[in-house]
Amino acid sequence: MRGLFVATVTGLLVLSVAAQTPLTDWLVCGPFPFERELPQFFADHLTEHGGEAKIQPKEEMTHNVKGLGKVSWKRYHAPDGILDFVSLMAKQVGEERPKFWQLRYGLAYAYTEIQSDRPQRALLLLGSEDWLAVWLNGELVHESFVYRHLVPDRDAVLVNLREGKNRLLVKVARIAGGWGVSAKIVVPIERKLFVKTERYNSCPPDGNMFVPEIREGETVPVWGYLTVVNMSEQTLLSVTVRVRENEWFAETNEQIGKLASGESSQLPFLIAPKRPLNSDEKPRLQLVISTIGEQQEFDLPVTVRRRNEPFFTTHRSRIDGSVQPMTLLVPPNHDLKKAYPLVVALHGSKGCLIGHAFSVKSDFIIVAPHGRGQTGYRDFGEVDIFEAMDEVRRRYRIDEDRVYLTGHSMGGGGTFRLAVRYPHLWAAVAPMASAGARPFEWLRNLLHIPTLFYHGSEDEVVPVQMAREAANYIRQLGYNFRYEEVEGKPHWWGVDFPEMFAFFAQHRRVKSPDRIVFWTNDPRANRA
């Protein structure tokens, strides 16, 4: 039978004849020592039985782990192809609910075997939380050192299967939050392009595709994207996506250039509404994706949000042409002639676009940028903030003297960081659940920025003592500053605080101060 393969772990069989097939039957071993350091990840913990490149695990095979004694390979069935190491491993180290950052033994392995009826190319689809290394038949075929949520199919690796048994080993290390891996295989390969059209996360981005939402009554053209993988053995000179004209959308065309064999790329497309849409409509997006000798068609739903709802949208980055997601909240009775204050809201580590944690306000526009994910709002992440703000300015009138900044956790750190790097931009800021800026000398730059600093006394992620130290430093400077430590609250207890918006409403940007303090240790932040 053409394309038949068998995934097996010591006698367990799963058959498939084509398309995306989850790898469901595994041998799992761990945990091993890992405290968020690369040398620990690179260490080969399987040397007792041949090492990572040669091992062929058997059920109950054991390894010695300092501090834990022996750990053994256990059989595990994952119906959807997702292995959750938190549930599998945490009890062994006495932490059924491991703290966000603290897990001394946060590395694990999983092994399966793929039987192929012939030598053939295959596409391996992977997701992980967090760091990942993958071996096929002893060859290291993939690594990822990204701090991220587990999103199935995020990574695509073109591999060569042997006839007969193929040994697949994955190693996964937890940085913070969840801990797991997913794997699928795509055979036979009959097309040049693999197009990712499945969404796994209701809160974007999930790295596979993004169809932005349309706000009721608006006709703003907006970008979406799909991820494509070149599964052929040759470089594809171009890939084109066309939005077919229909009753809802005008025709648009976009093209990306060379796509090497095995390469993944974001394929952007422009959605251009032909007329204002109503929230009770269910518009469809018809896409045609083509390369030389091949054409694929997709029919995707588009969500129309009511005017009193947050909506997922995008901007196109000037850095690399990529489509970057963001959330927007616009007053329901928005007046095109009126300039509105803007609140920039930054999400926390591994967090959703935090805009959906807020309700729509009658007198503020709120934008929640992605910040390129886990960047801490540095470098590309910092640029993304300003690009998102520019996109808001392109669509709506903004009062530049009433631009405010807030964020939670990593977003709170980003709030402090952007406030002290660019103190001339903000009318007021409200960081939450943050350790403050480091070094503290940066905090001197808050001289003309009223600051409302929230923290929960029982924060299990960012110790409250770190916030107190930052607050004490600012308080000693005598600045316009309030520290609100809320008794009994954990790391997260919401962000949509009426008193915060009331605080913002009281302040406008100081444009012509008679005294300036600007301290920096970064030549890129060299003026204010």
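How many bridges join E27 and E29, and in which sense do the two strands pair? E27 and E29 pair in the antiparallel sense over four bridges, where two strands count as paired if DSSP finds at least two bridges between them, and where helices (H or I, at least four residues) and strands (E, at least two) are DSSP runs numbered from the N terminus.

1. Basis of the note. This is a predicted model, in which local features need pLDDT of at least 70 and side-chain atom pairs count only at pLDDT 80 or more, while totals for chains, interfaces and linings use all residues. Residues are numbered from 1 along each chain as its sequence is written, and side-chain values use heavy atoms, with hydrogens and water left out.

2. The eight-stranded sheet. The strands of this open sheet follow the order E26-E27-E29-E28-E30-E31-E32-E33, and their pairing is mixed. Strand E26 (311-316) and E33 stand at the edges with a single partner strand each, so one side of each has no neighbour in the sheet. Neighbouring strands are turned by 20° against each other on average, direction ignored; axes here are lines fitted to C-alpha atoms, for helices over the stretch in contact, and angles run from 0 to 180 degrees between N-to-C directions. Within the pairing of E27 and E29, leucine 328 stands opposite valine 367 in E29.

3. Helices on that sheet. H3 packs on the sheet by touching E26, E27, E28, E29 and E30, and its direction makes about 105° with that of E26; contact means heavy atoms within 4.5 Å. Helix H6 (residues 498-505) lies across E28, E29, E30, E31, E32 and E33, and runs at about 155° to E31.

4. Helix H4. The expected span of a helix is 1.5 Å times one less than its number of residues, and for the 12 residues of H4 (residues 410-421) this gives 16 Å, which agrees with the 16 Å between its end C-alpha atoms. Because 11 of the 12 residues of H4 are buried, the helix is largely enclosed by the rest of the structure; buried means under 20% relative accessible area, exposed over 50%, and partly exposed in between (1.4 Å probe, protein chains only). The buried residues of H4, which include Met410, Phe416, Arg417 and Arg421, pack against strand E28 (340-346), helix H3 (380-395), strand E30 (398-408), strand E31 (428-432), strand E32 (451-456) and helix H5 (464-477).

5. Nonpolar cores. A nonpolar core is a set of buried Ala, Val, Leu, Ile, Met, Phe, Trp, Tyr and Cys residues joined through side-chain atoms within 4.5 Å. The largest one has 43 residues, and those with the most contacts inside it are Val344, Trp426, Leu443 and Leu446. Among the elements that give two or more residues to this core are strand E27 (323-329), strand E29 (365-369), H4 and strand E33 (481-486). Leaving aside neighbours within four places in sequence, valine 344 is in contact with Val367, Pro369, Ile385, Met389, Tyr404, Leu405, Thr406 and Trp426. A second, separate core of 29 residues includes Ile114, Leu124, Leu126 and Val159.

6. Strand E15. Seven of the seven residues of E15 (residues 180-186) are buried; Gly180, Ser182, Lys184 and Val186 point one way, whereas Val181, Ala183 and Ile185 point the other way. E15 pairs in the antiparallel sense with strand E3 (residues 20-22) over three bridges, and proline 22 stands opposite lysine 184. Strand E8 (residues 82-84) also runs antiparallel to E15, with three bridges, and strand E10 (residues 120-129) pairs with E15 in the antiparallel sense over seven bridges. Serine 182 in E15 is the bridge partner of isoleucine 82, and glycine 127 likewise stands opposite serine 182.

7. The four-stranded sheet. An open sheet with antiparallel pairing has the order E21-E20-E23-E24, and its edge strands, E21 (252-256) and E24 (294-301), each pair on one side only. Strand E23 (residues 284-291) and E24 pair over eight bridges, with valine 288 opposite glutamate 297 in E24.

8. Two loop residues. Serine 349, in the loop between E28 and E29, is buried at a relative accessible area of 16%. Its side chain makes a polar contact with the side chain of glutamine 374 (2.9 Å), a polar contact being a pair of N or O atoms within 3.5 Å, of which, within protein, one must be able to donate a hydrogen and the other to accept it, and residues adjacent in sequence count only if both atoms are side-chain atoms. Lysine 54, in the loop between helix H1 (38-42) and strand E5 (62-65), counts as exposed at 64% relative accessibility.
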